[in-house]
Amino acid sequence: MKKDSIPQDKSSLSSKGMKEMCYAVDENGEYSTALSTGWKPKTIALEVTMDDLNERIENAKKSVLEGKKSPILYFMERSRMDWSILASYMGKRKWIVKCHAKPNVFKKLNDTIIKKYAEVFEIEVNELKDFNENS
Amino acid sequence: MKIVEFQHHQSAHCENGVASNVLKFNGLDISEPLVFGIGSGIFYVYIPFLKVNHAPAISYRPMPGIIFSRAAKQLNIKIKRERFSNEEKAFAALDRNLDLGIPSGLQVGVYHLPYFPDEYRFHFNAHNLVVYGKEGDNYLISDPVMETTSVLTKKELAKVRFAKGAFAPKGHMYYPTSVPTEVNIEKAVLSGIKKTTKDMLAPVPLVGVNGIKFVGKKVAKWPKKVGIKKTNHYLAQIIRMQEEIGTGGGGFRFIYAAFLQEAADILGKSSLNDLSQNMTEIGDDWRDFALHASRVCKERVKDVNAYQQLSKMMINISDKERKLFTDLKNSL
């Protein structure tokens, strides 16, 4: 990469006033560093990832509203977690956490466990208990 | 508590940045590319059975923490690493270090870091930063990928130090306990390069240049095997791993090229300057791959030829890197 061709595109970094450091060669072929506000292909890759994530969240919401899954699934997706990460935060086995995503199992969970889930998801307990269209 | 003058230098990659900043504080002036090269930071591995954000794991660098450990070993620097079973102990140890005026490196999770843009907050637990002081209940942070220093409350810092999931940091704190004033930099550079050529040319399918070729072939097969949508998701993940904050662009290839240039001076070998130039060209090829792959992702191209093209680009990169690392090995 040549120093004068370091991309200065708009990105989520630049919107926070952040810049990242790149290594590039100057006109004499010497390496040095320079800052970049962003690069479009990266922004696209991030957008593709975020779109995918939002779709997962929407699908999870649908499943919960249809009574196929418990709100655990929705909040897990919203927290960008998967089963292993959630299990690790809960200090439980993956299959147990997966089981809690079944609506009939979820209904029987005691308050301590629900509270722990709420803490992990950084939400209030009632958001888990009274899940609805606006959640 | 002891007030220390800690110089924050922004870097491309967090781990090398922490290493370089902490070593500079301890009187050893060493650049980020030099830490990276001596620590054999350039790498490639494909781990299909490990899923990260619902896509197979691909890494352009070795396991977290290894670059600094290797570099420290080569440079005869002693590093103390501590992990903790609970937050109290983790903070007692950190406060003890700050009282003694020891800036300390921490491994942290990115998801709860408040100063990162939301799009960058994923459950990635191998980020590194330095805590260099404390004001009241707030900790003074030097995060090497940021332009300036930051501040985190104890609660915020506790969250990132005890993030969960793969590579959970468990409060991991590290700091040098002895830094020699004289180091044999030539020897360190040589063994760093040797290790790199060995790893990149490893005779196993998923690692190094073979790994790149393996993934290159997969890219052509994914559309049929997992569908266009998932393929695009996988490609997006590849681009992100390759270009995300911390790589310095082109999957660390430019940092490595910068290292080869420094190495040419240190070892007095002008052939390394030519190899640095080749590495820069390969870095540009990776950027070109990212550019094309991002277009394919965005336009949701249904044309399988587009994926064949990307596959060819990657296989071509693998061939070029094989030649480069072989030449590098033979140049020593």
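Helices (H or I, at least four residues) and strands (E, at least two) in these legends are DSSP runs, numbered from the N terminus. Everything shown comes from a predicted model, in which local features need pLDDT of at least 70 and side-chain atom pairs count only at pLDDT 80 or more, while totals for chains, interfaces and linings use all residues. Residues are numbered from 1 along each chain as its sequence is written, chains are lettered from A and ligands numbered from 1 in the order in which they are written, and side-chain values use heavy atoms, with hydrogens and water left out.

**View 1. Phe167(B) and Ser40(B), two non-glycine residues with positive phi**. Welcome to a pair of loops. Phe167(B) is found between helix H5 (154-161) and strand S8 (173-178) of chain B, and its phi is about 55 degrees. Ser40(B) takes its place in the loop between helix H2 (32-38) and strand S1 (45-52) of chain B, with a phi of about 50 degrees. For background, most residues other than glycine have a negative phi. Burial is judged by relative accessible area: buried means under 20%, exposed over 50% and partly exposed in between (1.4 Å probe, protein chains only). Phe167(B) is partly exposed at 42%, whereas Ser40(B) is buried at 1%.

**View 2. The ring pair of Phe91(B) and Tyr139(B)**. Rings of Phe, Tyr and Trp (its six-membered ring) pair if their centres lie within 6.5 Å; planes under 30 degrees apart count as stacked, over 60 as edge-to-face and the rest as tilted. By this rule there are 20 aromatic pairs over all chains. In the pair shown here, the centres of Phe91(B) and Tyr139(B) are 5.6 Å apart and the planes stand at 55 degrees, so the arrangement is tilted. The pair links distant parts of the chain, with Phe91(B) in helix H4 (residues 87-99) of chain B and Tyr139(B) in strand S6 (residues 138-142) of chain B, 48 residues apart. Phe91(B) is buried, with a relative accessible area of 2%, and Tyr139(B) is buried with 0%.

**View 3. Charged ends over the rings of Phe91(B) and Trp39(A)**. A charge sits over a ring if NZ of Lys or CZ of Arg is within 6 Å of the ring centre and within 35 degrees of the ring normal. Look again at Phe91(B): the charged end of Lys154(B) sits over its ring, 5.2 Å from the centre.

**View 4. Helices H1 and H2 of chain A side by side**. Two packed helices are described by the angle between their axes and the distance between the axes. Here the axes are lines fitted to C-alpha atoms, for helices over the stretch in contact, and angles run from 0 to 180 degrees between N-to-C directions. The axes of H1 (residues 40-65) and H2 (residues 71-78) of chain A come within 8 Å and cross at roughly 170 degrees. That makes H1(A) roughly antiparallel to H2(A), a label for angles over 145 degrees. Contact means heavy atoms within 4.5 Å. On the H1(A) side are Arg56(A), Ile57(A), Ala60(A), Lys61(A) and Val64(A), which meet Pro71(A), Leu73(A), Tyr74(A), Glu77(A) and Arg78(A) in H2(A).

**View 5. Tyr74(A) and its surroundings**. Tyr74(A) lies in helix H2 of chain A and counts as buried at 5% relative accessibility. Leaving aside neighbours within four places in sequence, Tyr74(A) is in contact with Ile57(A), Ala60(A), Lys61(A), Val64(A), Phe131(A) and Ser135(A). Tyr74(A) also belongs to one aromatic cluster with Phe75(A), Tyr117(A), Phe121(A) and Phe131(A). The C-alpha atoms of Tyr74(A) and Glu124(A), 50 residues apart in sequence, are 14 Å apart in space.

**View 6. Ser12(A) with contacts in both chains**. Ser12(A) lies in the segment before strand S1 (20-25) of chain A. At 11% relative accessibility, Ser12(A) is buried. Not counting residues up to four places away in sequence, Ser12(A) touches Leu46(A), Pro117(B), Glu119(B) and Tyr120(B).

**View 7. Lys129(A) in helix H7 of chain A**. This helix spans residues 125-129, and Lys129(A) is partly exposed at 45% relative accessibility. Beyond its neighbours within four places in sequence, Lys129(A) is in contact with Asp111(A) and Ile114(A). Lys68(A) is 61 residues away along the chain, with 15 Å separating its C-alpha atom from that of Lys129(A).

Conventions. Parallel < 35°, antiparallel > 145°, perpendicular 65-115°, else oblique.
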